[in-house]
Amino acid sequence: MSVLSLQDMAPGFTDSTAQSQVVFRCALDAMARPGTPVRIPDTALVSPTRSTNAVAASVLLALLDQDCALWLSPSLANGPAAAWLRFHTGCQIEADCSKADFVWAASFAELPSLDQLKQGSAEYPDQSATCVVDVTGWRNAAASDAVTVSLRGPGVRDVITLSVEGMHAGFVRQHHTMKEQAPCGVDVFCCAADALFGLPRSVRLATGAGSQACT
């Protein structure tokens, strides 16, 4: 974890209550409507550096507090993100992903296998991990590293088909297997430059042959 002085620390929300409420509502909306992109207003976006995914950073800034443990993937853990979030939220940085309440991965390639993360229990399914994953987009179906995935289930009308850059078939299989443990499991936010979409544990994922642009 990088050590930053207070002078080097990027600011968080300038109006903590108003901005965090905006971001929190966007995050709830994304989970309520899986696969549907939700854009966060520019006025509510902040990040520790210009190169850091501002949507992901803002979501975590709104969700974390001093009672939360956060695990960051290697490329994020070696940058200023950990110190920035710990300073502004009071969260604890956790080296063991299986003990983390929140997981921030710079890509699907850096996301731990879902079965390694906190799944909650039948009595307390809410005591599970929430994952935030940086993605470069989900509109380019021709991208060589994009997997076409279909979404069905609560919050989805009929079916939504996405092609998410960086998502791999292994993640889709892990998410599908997780359904066998319902109501346990993890929830996932995919965050691009100005929008996010949710993949809650309740949605059913499957790889598909066709693709449909996400609007």
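# Strands, helices and cores: what the terms rest on

Student: Which residue of β9 is the bridge partner of Phe189?
Tutor: Gly198 in β9 is the bridge partner of Phe189. Remember that the model is predicted: local features need pLDDT of at least 70, side-chain atom pairs count only at pLDDT 80 or more, and totals for chains, interfaces and linings use all residues. Residues are numbered from 1 along each chain as its sequence is written, and side-chain values use heavy atoms, with hydrogens and water left out.

Student: What makes a run of residues a strand or a helix here?
Tutor: DSSP does. Strands are E runs of at least two residues, helices are H or I runs of at least four, and both are numbered from the N terminus. Strand β8 covers residues 187-191, and strand β9 covers residues 195-199.

Student: How do you know that β8 and β9 pair?
Tutor: Pairing takes at least two DSSP bridges between two strands. β8 and β9 have four, in the antiparallel sense. With three residues between them, they form a hairpin.

Student: What does β8 pair with in the parallel sense?
Tutor: Strand β5, residues 130-134, over five bridges. In that pairing Val132 stands opposite Phe189, and Asp134 has Cys191 as its bridge partner.

Student: Why is β8 called largely enclosed?
Tutor: Buried means under 20% relative accessible area (1.4 Å probe, protein chains only), exposed means over 50%, and partly exposed lies in between. Five of the five residues of β8 are buried, so the rest of the structure largely encloses this strand. Asp187, Phe189 and Cys191 point one way, Val188 and Cys190 the other, and all are buried.

Student: What makes both faces of β4 count as covered?
Tutor: In β4, residues 102-105, Phe102 and Trp104 on one side and Val103 and Ala105 on the other are all buried. Trp104 also stands opposite Leu72 and opposite Val132 in β5.

Student: Why are β1 and β3 placed at the edges?
Tutor: The sheet is open, with seven strands in the order β1-β9-β8-β5-β4-β2-β3 and mixed pairing. β1 (38-39) and β3 (92-93) each have a single partner strand, so one side of each has no neighbour in the sheet.

Student: Why is α1 called roughly perpendicular to α2?
Tutor: Axes are lines fitted to C-alpha atoms, for helices over the stretch in contact, and angles run from 0 to 180 degrees between N-to-C directions. Under 35 degrees is roughly parallel, over 145 roughly antiparallel, 65 to 115 roughly perpendicular, and the rest oblique. The axes of α1 (residues 16-32) and α2 cross at roughly 110 degrees and come within 9 Å. That makes the two helices roughly perpendicular.

Student: Which residues of α1 and α2 meet?
Tutor: Contact means heavy atoms within 4.5 Å. Ser20, Val23 and Phe24 in α1 meet Ser58, Val59, Ala62 and Leu63 in α2.

Student: What makes a set of residues a nonpolar core?
Tutor: The members are buried Ala, Val, Leu, Ile, Met, Phe, Trp, Tyr and Cys residues, joined through side-chain atoms within 4.5 Å. The largest has 37 residues, and those with the most contacts inside it include Trp104, Phe189 and Leu196. Its largest share, eight residues, comes from α2. Another core lies apart from it, with 33 residues, among them Leu117 and Leu199. In soluble globular proteins, nonpolar side chains tend to be buried together.
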